[in-house]
Amino acid sequence: LSWSRFHVPDSVDWSDSQLMLAVDGTDPKRITAVSGGIRITTDGGVTWMETGMSADTLASDSASDDVYATTWAGRTLHSPRAGEPFTVRGTLPEQAHDLFAASGLLYALDEDGTRMFRSFDGGATWRTGTLPALAQPYDTIQWITAAATRPRDVYAGGFGAQRPGRSTDGGTTWTTLPGSGLPKRDYVLTLIVDRTDPDRLFAGLFTGVWTSRDRGATWTKLV
């Protein structure tokens, strides 16, 4: 494994921005970058083109080349692949904090991490879903993810949910993952579903990286 320097857009203001990237699955030189403004490159970051659009979130569809973004005003943007311009697809009920896309199904968390919105038509229309139960009224959900090949299998969690929640109906109802093998006094900070095996999960905790081969029933530590 080797690393090479990546040239980010010169106009990124690191004082108040985070950089989000979407890389094309077949041509890694085609990249979309969001850090306030949306910029695209087709030569691996050597040159960047300003699109004149801005966004707060960015998500590559885990099952296709499609790329989605949302703006502070709630507009849903779509691009057929990384490195291509965006068009407006629809409008979210409110500003999103996190966005995930799988097979054209989109899941978005609001800024407070207390509400979830879902779209089953690639962001054209949105409806309100539910989130896992939280321990305290001031707790929030920080992340949401889904399986590429079973996009209605959704997972969500954060500091208010020591064990993530799982939904098999696109965020209508939730159950808590058993989490056998995970540390009892730790939190799942992020979770990824294997792109080809929807039963295999990878979770990042304060204490390391863990994996499950049975949709979160049992876990073993990797690192």
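Residues 24 or more positions apart supply 38% of the contacts in the protein that have a separation of 6 or more. The model is a predicted one. Its secondary structure amounts to 19 strands and zero helices. The radius of gyration is 17 Å, close to the 17 Å given by the globule rule for 223 residues, so the protein is as compact as a globular protein of that length. The C-alpha trace spans about 50 × 45 × 35 Å along the principal axes.

Burial and surface were also computed. Of the 223 residues, 47% are buried. The protein exposes about 11,100 Å².

One sheet is described here in detail. Strands of a sheet pair through backbone hydrogen bonds, in either a parallel or an antiparallel manner. In this open sheet, four strands follow the order β4-β5-β6-β7, and their pairing is antiparallel. The edges are formed by β4 (57-60) and β7 (87-91), each of which pairs on one side only. From one strand to the next, the twist averages 25°.

Within the sheet, β5 covers residues 67-70 and β6 covers residues 75-79. These two strands run antiparallel and are joined by four bridges. At the residue level, Thr 70 has Thr 76 in β6 as its bridge partner.

Note on methods: Residues numbered from 1 in each chain as written. Predicted model: local features only at pLDDT ≥ 70, side-chain atom pairs only at ≥ 80, totals over all residues. Heavy atoms only, no water. Pairing = 2+ DSSP bridges. Axes fitted to C-alpha atoms, helices over the stretch in contact; angles between N-to-C directions. Rg over C-alpha atoms; globule rule 2.2 N^0.38 Å. Buried < 20%, exposed > 50% of the residue type's maximum accessible area, 1.4 Å probe, protein only. Contact = heavy atoms within 4.5 Å. Areas by Shrake-Rupley, 256 points an atom, 1.4 Å probe, with all protein chains shown as cover.
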